[in-house]
Amino acid sequence: MLGIVGYGGYIPRLRLSRSAVVQANAWYAPQFASKAKGTRAVANWDEDSITMAVAAARDCLGTDADRQHIRGVYLASCTAPFAERSNAGIVGEALLLDESIDAVDITGSQRAALSAIAIALAKAPAAGSQLVLATDLRHTRAASAQELEFGDGAAALLIGSDRVIAEYLGGGTLSVDFVDHFRGADADVDYAWEERWVRDEGIGKLMPRAIAAALADAGLDAAAVDHFIFPSTIAKLDAQLANTCGIRADAVVDNLAGGVGDTGTAHALLMLAHTLEYATPGQVIVVSQFGSGAQALVFRVTASVAAFRPVKGAATWLARGVEETSYTKFLAFRQQLMLERGMRGEQDKKTALSTLYRHRRSILGFVAGRCAITEDVHFPPSRLSYTPGAPALDTQEPHPLAERQGTVLSWSAEYLSYYPSPPQYYGQVDFDGGGRVLMEFVDVARGDIESGTRVEMVFRIKDVDEKRGFVRYFWKATPVRSTAVGQTE
Amino acid sequence: MPSGIKDKVVILGMGCSRFGERWDASPEDLMVEAYGEAMTDAGIGPRQLDAAWFSTHMSDVGTGRGGLPLGIALRLPNIGVTRVENFCAGGTEAVRGAVYAVASGACDIALALGVEKLKDTGYGGLPVATVGTFVPQWYPNAVAPANFAQLATAYRRKHGVAADTLKRAIAHVSVKSHANGAKNPKAHLRKPVTEEQVLAAPIIAEPLGLFDCCGVSDGAAAAIVTRPDIARALGKRDLVAFKALQLSTSNGWEMHSSQWDGSYFHTARIAAKRAYEEAGIRSPREEISMLEVHDCFSVTELVTMEDLYLSPEGGAVKDVMDGFFDADGRIPCQIDGGLKCFGHPVGASGVRMLYEMYLQLQGRAGARQLPQPRLGLTHNLGGQPSQNVCSVSIVGTLGS
């Protein structure tokens, strides 16, 4: 059997209030008054498509640091930070994937994630489990509809043959140069054509063909579909499409528009990850997406679905959002509002690439060194141990820290330096199993960090070299929060 | 066990520039100011100097690198100038170099000078320094106030001290230093402050407010050292001698293991023990007359009182609140105003601390003069609580 063997999601913690956006822009764009409802997910200043993909992958893969069984990784995104330097390769380093696998970026259309699944399905039987990641952080203009409709997020699927939780039944694809929107190589935001044309001539005609082809390939009738996934920012278009295709109205999966927004390339997978959390054995899922054509894939949930749980899961990520009412914070995080940084913000963030390469396991993979004799943990690893009175030479073995939790020893929150979201919280973290690292604390508010607070690790942007366009990444600590679904903070 | 430095080297003369926002002075001018006073005090000419040790930290914003800035600024007669840099403890390192050179017999008379020109950056606070190519890729973009503020969170937890109790105690540290600094014409900040003012100041790094942080200023200080016999031959009396010069450097244990609790300075305890042993001091709380410690932040001074074994562990809050370290207390601390009021021209501070001890021991401290001090201790720290270099020096009248 071939299909989905694991899934995970990630939705950033901040949820921007749409009414805050609409009110701030009311003088200029009063036409959005009717859209002042709900929230959209917003990546923190130190998140991008890569960090969100890592978060979704970890949600899917669990806390076992041994990931040698993954034999390929595909990163689907239209907003990956690097045009040249494998974005999937960075994710592979962060996840400590085997170096001998291929890490591939897939991009260019909103259905890139479905393309990635199709490739992974083709490759998995011979090569082994394939990790498909979909992620987007789309830039928009202030006072645009997209600003309100889009959201940031990521999702992950593990494709394989062992303990399949959703069997792949068939697929249908149309590659058509229907330009509902485009973004030139040097542009920062999309340029979109009239919505009514997209709805009627594009989605309305191409999607039914792809869905029909997929169902035919699966040998199923449309009435058999229990969960129909079709992301769109056009209201009720999913229900219309289901109707056109003969899919039951109750099969239409909520597209998370109210709280999260449309996460672009990631969205079909995020909806799928969410659906798999409550789908029951035997149910048929159609996951479809539109973009430079149309694509649909059909899966049937197996009895193994209950045996798999993501670390947190989309429902938990959904529930643990915090509302953000500062529109200027959103604009500043997306570099649409240049805030005064002071001279302390003039520091050059040039990265020595040779240093990065030499230490890439420590920096990107967060691997410490554990002394085989004393069991002391060293970060960064070193040839000589710090062990008092007995500094042993070359005794350290790789000791991954990313999936370990820790406890805050000491902390402060400072207002002196330039920091994109002041104050900057940082302090010393003592890891379970040993090791101490001075770390930044993120996704925190006043009172969240104290001596003794339990923290877990997140992969984030460390610094951005704006002069040269380079991003450096490292791990940061965030409070361990309840994973109970339905609990809001 | 080495025989130590006790009474082998004495101070021939010292000088200290006025500290402050010296918009009028380049680093060269500050060096000349401190050097001129020291040479006059010593009563010697440049040709009597055998070598010099020069401390400056932020070479990019101040003097530039190497020994040249000192040699050129002071027009020294082509003697050897060694630049030393050891974070904020560099000043004491320059003195240590000069003292050891004299003690070895390699030099008869040596100069130690520290200078820092911080106020040519265009912004307040310490300049942003570079830290190599690896550290910036993982280490937080740390700043000194937040590094030292962490002492407070760890100290509170370890000793069960309420946040507002510790906040008041460290406020008293600053109130005391401002009261002292107000009497010092060479200090940068010369206004007394009240506890209410300190507590109400804006937060820089939780829980440290503006008045918990030392000033940032320009300044230079110089010491000329020699052997006791040479000083006597030059007509000097009431000689101030080095009793101990100790430096302890972190090796990563505090930073990387989970054994250090974050509430104290591991190195300070080691350096203090060694210094008391070198100086032959058994009961520091009874024997030390006065202190200049590295009060970069109020909380640093508070925990340092325990690290120097002057307050019992967990007892510094009580001692501080009891006025034990006030000008009229049992061991006056920061009698010149400290870093708090002098500001912290990084490379100069250690020498400035020694200058006050020297003046006090010679009875030349003017309005701040303490009654008959016998032994003075300087504590000069570079780095941050979790990894640092810490020097503890003791000076006193020769033969005491």
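1. Glu206(B) and Arg446(A) meet through their side chains in a salt bridge, 2.7 Å from N to O. A salt bridge here is a side-chain nitrogen of Lys or Arg within 4 Å of a carboxyl oxygen of Asp or Glu. The count between chain A and chain B is one salt bridge, against a total of 58 salt bridges over all chains. This is a predicted model, in which local features need pLDDT of at least 70 and side-chain atom pairs count only at pLDDT 80 or more, while totals for chains, interfaces and linings use all residues. Residues are numbered from 1 along each chain as its sequence is written, chains are lettered from A and ligands numbered from 1 in the order in which they are written, and side-chain values use heavy atoms, with hydrogens and water left out.

2. Between chain A and chain B, 23 residue pairs are in polar contact, both residues at pLDDT 80 or more. A polar contact is a pair of N or O atoms within 3.5 Å; within protein, one must be able to donate a hydrogen and the other to accept it, and residues adjacent in sequence count only if both atoms are side-chain atoms. On the side of chain A that touches chain B, H11 (353–358), S18 (406–414), S19 (424–431), S20 (436–441), S21 (454–465) and S22 (470–479) each supply at least two residues. S18(A) gives the largest share of that side, seven residues. Helices (H or I, at least four residues) and strands (E, at least two) are DSSP runs, numbered from the N terminus.

3. How much area do chain A and chain B bury between them? The figure is about 3,800 Å², with 56% of it on carbon and sulfur atoms. Buried area is the accessible area (1.4 Å probe) that two parts lose on being put together, summed over both. In chain A, Arg344(A), Tyr386(A) and Arg436(A) lose the most area to chain B, together 18% of what that side buries. The contact (heavy atoms within 4.5 Å) takes 46 residues from chain A and 45 residues from chain B.

4. Two salt bridges within chain A deserve a look. Glu93(A) and Arg361(A) meet at 3.8 Å, N to O. Glu93(A) lies in H3 (residues 87–94) and Arg361(A) in H12 (residues 360–363), 268 residues apart. Glu93(A) is buried at 17% relative accessible area, whereas Arg361(A) is partly exposed at 31%. Buried means under 20% relative accessible area, exposed over 50%, and partly exposed in between (1.4 Å probe, protein chains only). The other pair is Arg460(A) and Asp443(A), at 2.8 Å, N to O. Arg460(A) sits in S21(A) and Asp443(A) in the loop between S20 and S21, 17 residues apart. Arg460(A) counts as buried at 3% relative accessibility, and so does Asp443(A) at 14%.

5. In chain A, all eight of the eight residues of S1 (residues 3–10) are buried, so the strand is largely enclosed by the rest of the structure. Seven bridges join S1(A) antiparallel to S7 (residues 153–160), with Gly3(A) opposite Gly160(A). Two bridges join S1(A) to S8 (residues 166–175), also antiparallel, and there Ile4(A) has Ala166(A) as its bridge partner. Two strands pair if DSSP finds at least two bridges between them.

6. In chain B, 12 of the 16 residues of H4 (residues 144–159) are buried, so H4(B) is largely enclosed by the rest of the structure. Among them are Phe148(B), Leu151(B) and Tyr155(B). Lys158(B) forms a salt bridge with Asp261(B), the closest N and O atoms being 2.8 Å apart. Just after H4(B), Gly160(B) takes a positive phi of about 65°.

7. Nine of the 10 residues of S10 (residues 375–384) of chain B are buried, so S10(B) is largely enclosed by the rest of the structure. Three bridges join S9 (residues 290–292) to S10(B) in parallel, with Met290(B) partnered by Gly376(B). To S11 (residues 387–397) the link is 10 antiparallel bridges, and S10(B) and S11(B) form a hairpin with two residues between them.
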